[in-house]
Amino acid sequence: MTGNLIFDIGAHRGEETDRYLAAGARVVAVEPQATLARELISRYNGNPALTVIAKACGAQEGRINLYASSHTWLATCDPGKWSEGRFNAHRWENCVEVEMTTLDRLIAEYGQPDFIKIDVEGYEKEVLRGLSVAVPALCYEFTVEFIGDAYECAHILLTLGDYEFAFCLGENKEPGVYIDAEMMFRQLAAIDAPLLWGDIYARLR
């Protein structure tokens, strides 16, 4: 990973940013919550390997409302999705308008990444709609509530390049065997877990 360029989309408090930097990568960390973006900047105090972008990421450039709950770390650009499922008890009491960029814009400004991590609380499909070129590898979060969105994300990627896919569950960050998308989603459908979640990995063949 030394010298690789990684886009950390939805960097939050830098849980993955920390790991990427420790491995010697250069990181563009995109985090729309201003307080968390400032935390990242302060923690690394001018580290030249890290660029922090205090914006959301989506399908087009512009501005968008970001919603957060005062009782949780959770923030999303699409709170309506969470009226059901694991976060249905949360109330999205705080709304702030933030700038939005796209993966295409980030690539134009910082170069093609070797890897992209996307964890944006149900907005992953919109992030991928802002990408028009194949990148070597990426991962995006999925939850069982929105497995249809995860399926659509895979097919967005397949319009860009010949990708193969793998998944990992929960906090485990080691993907399994890479296979085609249809087979992978059949494997996920066979897992009986009401709060199933994890990450889907994609790489060019």
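This is a predicted model: local features need pLDDT of at least 70, side-chain atom pairs count only at pLDDT 80 or more; totals for chains, interfaces and linings use all residues.

User: Is His12 buried or exposed?

Analyst: Residues are numbered from 1 along each chain as its sequence is written, and side-chain values use heavy atoms, with hydrogens and water left out. Buried means under 20% relative accessible area, exposed over 50%, and partly exposed in between (1.4 Å probe, protein chains only). His12, at 17% relative accessibility, is therefore buried. Its phi is positive, about 55 degrees, although His12 is not a glycine.

User: Which relative accessibility does Asn45 have?

Analyst: Asn45 has 69%, so this residue counts as exposed. Asn45 also has a positive phi, about 45 degrees, without being a glycine.

User: How are two packed helices described?

Analyst: By the angle between their axes and the distance between the axes. Axes are lines fitted to C-alpha atoms, for helices over the stretch in contact, and angles run from 0 to 180 degrees between N-to-C directions. Helices are DSSP runs (H or I, at least four residues), numbered from the N terminus. Here the axes of H5 (residues 147-160) and H6 (residues 181-189) come within 11 Å and cross at roughly 165 degrees. H5 and H6 are therefore roughly antiparallel (angles over 145 degrees count as such).

User: Which residues of H5 and H6 meet?

Analyst: Contact means heavy atoms within 4.5 Å. Ile147, Ala150, Tyr151, Ala154, His155 and Leu158 in H5 meet Ala181, Glu182, Phe185 and Leu188 in H6.

Terms used: Helices (H or I, at least four residues) and strands (E, at least two) are DSSP runs, numbered from the N terminus. Angles under 35 degrees count as roughly parallel, over 145 as roughly antiparallel, 65 to 115 as roughly perpendicular and the rest as oblique.
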